[in-house]
Amino acid sequence: MSVAKKSSLKNKSSIKIGRIILWISVVLTVIFCLAPVLWQLLTSFKTNEAISAVPNVYFPSPNQLTFEHYFSLGWGFLRYIFNSAFVSIISTIICLGIGTPAAYVLARLKIPGENIIIACVLIVSLFPYVLLFLGLLEIIRAIGLGNNYIALIIPYTGINLPLTILVLRSFFQQLPKDIEDSAKIDGYNTISMLWNIVLPLTIPALVTTGILTFIFAWNEFIFALTFITRSEMYTIPVAVAQIGGTSLFEIPYGPIAAATVTGTFPLVILVLIAQRRIVQGITAGAVKG
């Protein structure tokens with residue numbers, strides 16, 4: 001066998017081994033990421049006896065599966081889903097409505113102190129929002145916004161706005177300015193140009209940013225627990241926490257798991273529907289030319 005053939009076989013063997021290692025890495029990563037989710041899903045369907053069994057029941061038999069934990073949530077749990085959806089959607093719309101023009105101005109117009117403004121936005125986006133808790137609590141108490149959805153919508157919007165501006169500004173900077181110049185030559189004014197030309201091109205970025213802000217508002221716990229005390233106005237995280245405190249002598253793992261799965265399901269559907277736009281938004285500007 002010639003040296004060239006030996007070298008070729010060696011290269012093919014190395015490539016094959018590399019692919020096997022790559023696939024193993026991918027599989028292990030997927031398992032690592034999905035294992036907690038699958039375990040929570042399995043727990044939501046197991047009977048209480050199977051949940052508390054020692055050793056753990058990893059592959060329950062049909063008589064160890066039940067829908068009882070989902071039924072125990074009742075129709076009232078849909079109210080909590082509505083509360084989270086309402087607060088999250090309104091907060092996301094306001095965030096995009098304010099953040100989009102602000103990001104466009106910072107990306108396209110040369111304004112005095114632009115670098116200082118961007119630095120301030122970056123600092124605010126990195127600031128731990130939990131440290132704002134006591135100040136916001138005093139403000140909400142002073143103006144009487146307790147047990148009001150506005151008490152959640154405004155803080156969520158303010159917390160997510162810096163991230164929205166930074167992400168959209170980066171995307172606007174990737175758009176060729178020639179498109180806007182051509183639109184102005186064709187007779188578009190600034191408003192019509194932004195609405196008919198620029199915004200359609202930024203839909204992937206808007207979707208990606210909107211989903212990030214929506215997920216934060218959906219999962220936020222501290223503000224929702226403190227600013228809302230009426231049970232019918234609870235959001236999903238607070239409702240799940242209340243389920244965990246209903247018993248003094250045992251932890252209701254089954255209902256908690258069922259509530260977690262039910263509360264996460266809308267997010268999964270949202271991401272699956274918008275996954276194409278999310279990928280476009282993440283990869284936008286990554287390839288030039």
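Rings of Phe, Tyr and Trp (its six-membered ring) are paired here if their centres lie within 6.5 Å, and a pair counts as stacked when the planes are under 30 degrees apart, as edge-to-face when they are over 60 degrees apart, and as tilted for the rest. By that definition the structure holds 16 aromatic pairs. This is a predicted model, in which local features need pLDDT of at least 70 and side-chain atom pairs count only at pLDDT 80 or more, while totals for chains, interfaces and linings use all residues. Residues are numbered from 1 along each chain as its sequence is written, and side-chain values use heavy atoms, with hydrogens and water left out.

| Pair | Centre to centre | Angle between planes | Class |
|---|---|---|---|
| Phe-77 and Tyr-80 | 5.7 Å | 90 degrees | edge-to-face |
| Phe-133 and Phe-227 | 6.3 Å | 10 degrees | stacked |

Phe-77 and Tyr-80 are three residues apart in helix H4, so about one helical turn separates them; helices are DSSP runs (H or I, at least four residues), numbered from the N terminus. Phe-77 is buried, with a relative accessible area of 3%, where buried means under 20%, exposed over 50%, and partly exposed in between (1.4 Å probe, protein chains only). Phe-133 belongs to helix H6 (residues 133-143) and Phe-227 to helix H11 (residues 222-227), so their pair ties together parts that are 94 residues apart in sequence.

A nonpolar core is a set of buried Ala, Val, Leu, Ile, Met, Phe, Trp, Tyr and Cys residues joined through side-chain atoms within 4.5 Å. The largest has 20 residues, and those with the most contacts inside it are Ile-165, Leu-168, Phe-172 and Val-198. At least two residues of this core come from each of the helices H4 (77-108), H5 (114-126), H7 (150-174), H9 (190-201) and H10 (203-219), with H4 giving the largest share, six residues. Leaving aside neighbours within four places in sequence, Phe-172 is in contact with Thr-100, Ala-103, Tyr-104, Ala-107, Arg-108, Val-198 and Thr-202, contact being heavy atoms within 4.5 Å. A second, separate core of 19 residues includes Ile-140, Ile-153, Phe-216 and Ile-228.

On helix H1 (residues 3-45) lies Leu-34, which counts as partly exposed at 42% relative accessibility.
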